[in-house]
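Q: Please take a close look at one part of this structure, the place where two chains meet, and then at what lies around it.

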There are 2 protein chains.
Amino acid sequence: MDLHITLEGPGDPDTRVARIYHALREAMLDGRLAGGDRVPATRKLARQLGVARGTVTAAYDRLTAEGFLESRAGSGTYVAASLQAKDGVRRRARRGAVRPLPLWDTEPATTSPRNLRLHDLSIGLPDPALFPLEVWRRLVSGQLRRSRLEEATYGGRGSFRLQAEIARFLGLSRSVVASPDDVLVTAGAQQAIDLVARVLVAPRTLVAMEDPGYFAVRRLLETHRAVVRGVPVDDEGLVVDALPPEARLVYVTPSHQFPTGVPMSMARRTALLRWAVEHDAVIVEDDYDSEYRYAQQPVEPLQSLDRDGRVVYVGTFSKSLLPALRAGFVVPPRSLLPALREAKRVTAWEGDLTTQGALAAFLAEGHHAAHVRRATRVYRERRGLVLDGLAGLGDLLGVVPSVAGLHLCATFRDPSTDDAAVVTRAAARGVRVEGLSHHHRDQPVRPGLAIGFGGIDAEAIPDAMSRLEQAVRLTTQA
Amino acid sequence: MDLHITLEGPGDPDTRVARIYHALREAMLDGRLAGGDRVPATRKLARQLGVARGTVTAAYDRLTAEGFLESRAGSGTYVAASLQAKDGVRRRARRGAVRPLPLWDTEPATTSPRNLRLHDLSIGLPDPALFPLEVWRRLVSGQLRRSRLEEATYGGRGSFRLQAEIARFLGLSRSVVASPDDVLVTAGAQQAIDLVARVLVAPRTLVAMEDPGYFAVRRLLETHRAVVRGVPVDDEGLVVDALPPEARLVYVTPSHQFPTGVPMSMARRTALLRWAVEHDAVIVEDDYDSEYRYAQQPVEPLQSLDRDGRVVYVGTFSKSLLPALRAGFVVPPRSLLPALREAKRVTAWEGDLTTQGALAAFLAEGHHAAHVRRATRVYRERRGLVLDGLAGLGDLLGVVPSVAGLHLCATFRDPSTDDAAVVTRAAARGVRVEGLSHHHRDQPVRPGLAIGFGGIDAEAIPDAMSRLEQAVRLTTQA
């Protein structure tokens with residue numbers, strides 16, 4: 001590592017000695033150089049700085065005399081061991097008085113201390129233990145070859161092979177209508193929705209979304225200055241009749257509504273498509289975890305029912321791979337494709353081609369299908385155990401019917417139940433779970449629990465559910 | 001791969017046969033199923049759909065009778081080999097009438113056919129052949145271990161270890177003032193600048209940038225509805241006196257101005273910092289390729305001279321790793337840090353943790369420093385050969401002094417020279433090179449050539465420069 005020392009400005013040799021002295025001293029005092037670090041040899045530093053070696057030696061001598069440096073015979077010059085870098089002395093960037101735009105003036109997101117929980121029933125997380133990591137490692141290594149990497153330069157459109165594999169996968173398993181050219185690869189669904197917002201949301205554009213709904217997307221849309229309106233969800237999904245007529249964009253999760261899990265009925269799906277045509281609106285269909293299916297027949301995506309090019313289909317591989325591997329996609333109507341490609345290009349070029357290439361091979365070689373098949377078996381068992389546990393609470397909670405995904409919901413029969421109190425009591429018993437009220441914004445709260453089974457082993461579920469039952473009964477009896 | 005077939009809606013067995021028949025037939029006609037593909041066994045599909053096996057058999061029989069399917073004894077049922085999927089018959093997403101916002105209505109970016117050139121003197125590309133790919137592959141494999149991946153969940157802040165390594169690297173080699181907490185890791189400089197724009201650019205915010213300058217950033221800022229004004233560049237860099245007083249943001253490349261390569265003088269750097277304080281503006285300093293240094297002393301970054309917290313320091317590893325590996329960072333004043341973290345979180349979560357973990361190890365184990373040192377030697381030689389070639393054109397072109405980076409510039413002594421004509425003539429001679437006029441927007445064009453040496457071997461440079469000389473002489477004599 002070259003140490004940054006500048007001698008800019010004119011000056012006689014004495015000034016240069018002082019500058020080198022001060023640069024090194026400051027680096028030691030603020031912790032960039034720590035006790036025991038070796039400093040450059042005088043000859044080397046002199047050459048680097050374009051000064052006589054004696055200039056550097058003079059600076060080193062002064063630092064040695066003051067106890068900052070120690071010279072070890074035959075081995076070089078070192079920062080004195082007594083100068084331990086302490087976190088407190090490290091340099092911090094200036095605070096500054098510059099303020100962000102007001103729309104960013106919010107409390108920072110809180111992350112719960114996940115590890116303190118005995119049982120994790122969080123939603124939206126797949127089980128990383130089920131992922132075929134050895135296969136993935138082999139495929140990634142295969143991408144890190146000269147021949148592959150040299151294809152990858154700026155301005156490209158990402159891996160066309162991955163687009164083709166995603167089009168094939170979506171066509172076969174989800175009936176989505178897409179050629180390889182129609183697929184825009186992204187670094188996850190969040191980036192996909194961000195690109196859609198860039199291309200369609202102007203300041204004060206009205207966006208409708210399910211309420212309860214996916215809060216992170218709501219926040220994302222608001223940072224694009226959209227006005228977001230929550231629309232109620234009933235046992236057929238989004239209530240189409242309640243959509244505000246001026247909405248230009250409707251964000252929905254029809255296969256497995258987030259967070260309730262209810263699938264949108266066929267009648268609502270056709271009504272929503274009709275509504276979009278009548279109101280000149282775009283539907284963003286987020287099919288975030290429907291690859292895990294527990295019913296015999298899949299739910300038909302809006303995209304494949306759409307005859308008018310109103311549906312932007314968005315998906316992610318984060319639920320079938322790992323959240324740490326960012327991979328998602330958009331299949332837009334073709335009228336939006338050039339703008340979305342351009343938005344992707346100006347913000348992220350073509351993305352990470354290593355992950356993209358490995359994912360293409362993962363799909364093409366059948367690993368993805370085999371993994372989803374195996375994982376679905378595991379999740380089906382866990383889901384059954386959660387349902388068993390909820391059955392014991394049938395007097396208090398009704399299970400929301402669902403057919404896919406990595407979590408279940410149940411709503412309290414007594415609408416005055418405080419689900420946040422249940423969550424707190426469950427946490428005290430070592431169970432992390434989410435309340436439905438947490439996912440409401442504009443609509444009256446329907447209290448309930450959202451119970452994920454991606455992050456918990458089958459053996460642990462009975463104990464977790466029994467602790468949860470205690471928390472529920474204590475709250476409802478209070 | 002499960003085939004998506006839906007039997008939704010009521011219906012007698014005959015209707016179900018028809019639905020299965022049509023679903024398969026459509027999949028074969030539109031190319032999702034191609035000649036030779038195996039279709040699911042009747043028993044399996046019947047179970048999947050929850051129908052009697054005879055229902056599926058009846059549908060298969062009809063398709064077989066019509067020549068769509070072939071059954072092979074003991075092996076299953078296949079799509080007839082005669083049904084070759086043709087690209088033309090594949091399904092395309094609906095066109096649709098939905099329009100993107102007007103700001104996205106531009107001609108799509110053109111990508112030149114890079115491979116047709118004999119010599120590539122493009123700018124901004126490192127040489128992938130110099131990258132220690134075997135080391136990188138080992139580090140990536142090391143990240144793809146269960147223990148590492150299980151740490152990685154949603155809502156995290158990315159690899160803290162990488163933040164610490166970047167803070168150390170920037171502190172030592174660039175004198176940037178940053179603790180690990182001050183570093184926000186991004187998927188490249190483009191994402192970094194995008195986050196800054198989200199947090200600071202409101203509609204009609206005036207942004208000033210160098211002209212000639214980095215066009216991709218200009219486009220990015222315009223998609224955030226900024227009004228971008230180009231400010232002239234002279235032989236000391238950005239002309240601070242020409243900054244529009246209402247500019248809220250100034251985007252600059254002081255170490256190696258893009259594209260001219262001129263370093264910003266110390267007088268200008270202090271003037272720019274003073275200007276920012278006086279006008280309550282923020283400076284975005286893009287230090288995009290200064291790790292390759294050819295002078296004895298580095299140029300002092302604005303960030304380390306800043307006493308008021310006005311500078312957002314942005315950088316990338318795309319020039320020292322590979323463009324295909326997306327990794328960059330922002331070091332903002334602390335007043336902007338929470339908003340930038342939130343902007344990152346809502347759009348991209350924590351990014352790709354595999355790349356981040358591998359990069360942290362690459363820095364910590366000294367591979368990065370060693371690689372930059374070795375690559376600098378190679379680039380220094382190539383740079384010398386380009387300068388030799390330009391020396392032969394000294395009557396027509398003056399070299400712009402620079403001390404860093406992966407390209408050089410030379411301006412035409414005759415300001416009426418048509419550099420685009422030189423570029424075209426060079427292309428006809430198999431040399432890809434860029435004209436400076438291409439990088440101007442608002443300011444009068446100073447014609448010249450930008451010559452990259454990241455994508456060409458030393459042996460090829462004399463021939464490339466001699467072809468370029470022919471192109472120049474032919475144009476200037478015309």
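How many salt bridges are counted between chain B and chain A?

A: Between chain B and chain A the count is seven salt bridges, a salt bridge being a side-chain nitrogen of Lys or Arg within 4 Å of a carboxyl oxygen of Asp or Glu. This is a predicted model, in which local features need pLDDT of at least 70 and side-chain atom pairs count only at pLDDT 80 or more, while totals for chains, interfaces and linings use all residues. Residues are numbered from 1 along each chain as its sequence is written, chains are lettered from A and ligands numbered from 1 in the order in which they are written, and side-chain values use heavy atoms, with hydrogens and water left out.

The contact (heavy atoms within 4.5 Å) involves 127 residues of chain B and 127 residues of chain A. The size of an interface is often given as the accessible area lost when the parts come together. Here chain B and chain A bury about 11000 Å² between them, with 54% of it on carbon and sulfur atoms; buried area is the accessible area (1.4 Å probe) that two parts lose on being put together, summed over both.

One salt bridge pairs B:Glu342 with A:Arg219, where the closest N and O atoms are 2.9 Å apart. Polar contacts (a pair of N or O atoms within 3.5 Å; within protein, one must be able to donate a hydrogen and the other to accept it, and residues adjacent in sequence count only if both atoms are side-chain atoms) join 33 residue pairs across the interface of chain B and chain A, both residues being at pLDDT 80 or more. On the side of chain B that touches chain A, helix H11 (residues 337-348) of chain B gives the largest share, eight residues. That side of chain B divides into 58 nonpolar, 29 polar and 40 charged residues, where Ala, Val, Leu, Ile, Met, Phe, Trp, Tyr, Cys and Pro count as nonpolar, Asp, Glu, Lys and Arg as charged, and the others, Gly among them, as polar. Helices (H or I, at least four residues) and strands (E, at least two) are DSSP runs, numbered from the N terminus.

Next come the sheets. In chain B, four strands form an open antiparallel sheet in the order S12-S13-S16-S15. Strands S12 (397-399) and S15 (434-435) of chain B are at the edges with a single partner strand each, so one side of each has no neighbour in the sheet. Two strands pair if DSSP finds at least two bridges between them. Strand S13 (residues 407-412) and strand S16 (residues 448-452) of chain B run antiparallel and are joined by five bridges, and B:Thr411 stands opposite B:Gly448 in S16(B). Helix H13 (residues 367-391) of chain B lies across S12, S13 and S16 of chain B, at about 15 degrees to S13(B). Helix H15 (residues 461-477) of chain B touches S13 and S16 of chain B, and its direction makes about 170 degrees with that of S16(B). Axes are lines fitted to C-alpha atoms, for helices over the stretch in contact, and angles run from 0 to 180 degrees between N-to-C directions.

Chain A has an open sheet of four strands in the order S12-S13-S16-S15, with antiparallel pairing. In S13(A), A:Thr411 stands opposite A:Gly398.

Over all chains the structure holds 33 salt bridges. One of them joins A:Arg432 and A:Asp120 (3.8 Å, N to O). A:Arg432 lies in strand S14 (residues 431-432) of chain A and A:Asp120 in strand S3 (residues 119-120) of chain A, so this pair ties together parts that are 312 residues apart in sequence.
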